[in-house]
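Thanks for making time this morning. Please keep the model open on your screens while I talk.

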Amino acid sequence: MMDAKNHGLVERLTEECLNLYNAVFRRSQQLQPLLDSSFRTGALKRAIDEQRTARNEMEAAVDRILSAAENMMAIDFSDPDAAATEMANCCGEIMEACSFQDITGQRLSQTIETLCVVDKSLDALATDHMSEGDAGVAMSDEASLLNGPALPGNGLGQDSVDALLASGKKS
């Protein structure tokens, strides 16, 4: 026969086990879109491939633009008609190379859609985690500097940079 003290302990342990089960179940539900094999082998793989392809297309376009610019610098202007033709060819090459942004934009749009699914799942996890009273770990100032160039509108303005450099000068 179980006494009242042991009965209370069993009830408390049972309740904690149920709470743990519910927390794990909620988190698995929140991660389900990311764990689905069709997402990982389909959308996520495609997004990664689209990113790689977009990067390669941008690199190729920049190479074409730089080559055309170098060709422009090498034009011999002693024959104005030949120079004009060569200049027009170089400008055409540059304009054609710049058309990469349309295709790259389409590729990046597909990648953004996939990242939104990831973001939504992670946001649900973080929101649930924060509601349980855990503030999480904030990124240190030093670690936040390792994120590469700032996105437009998020970096320091030129006046701030000038003031920062001026404050470090020795008189």
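I will go through the salt bridges and then one of the helices.

This is a predicted model, in which local features need pLDDT of at least 70 and side-chain atom pairs count only at pLDDT 80 or more, while totals for chains, interfaces and linings use all residues. Residues are numbered from 1 along each chain as its sequence is written, and side-chain values use heavy atoms, with hydrogens and water left out.

Taking a salt bridge as a side-chain nitrogen of Lys or Arg within 4 Å of a carboxyl oxygen of Asp or Glu, the count comes to 7. In one of them, R107 meets E50 at 2.6 Å, N to O; R107 lies in helix α4 (residues 100–131) and E50 in helix α2 (residues 37–73), so this pair ties together parts that are 57 residues apart in sequence. Helices here are DSSP runs of H or I with at least four residues, numbered from the N terminus. E50 counts as buried, at 8% relative accessibility, where buried means under 20% relative accessible area, exposed over 50% and partly exposed in between, with a 1.4 Å probe and protein chains only. R46, E50, E57 and R107 are linked in a network of salt bridges.

R64 also pairs with E93, at 2.6 Å, N to O; R64 lies in helix α2 and E93 in helix α3, so parts 29 residues apart in sequence are tied together. R64 is partly exposed, with a relative accessible area of 30%, and E93 is likewise partly exposed, at 28%.

Turning to α3, the residues A83, C90 and A97 are buried, whereas the face turned away from that buried side carries the exposed residues D81 and M95.

Notes: Helices (H or I, at least four residues) and strands (E, at least two) are DSSP runs, numbered from the N terminus.
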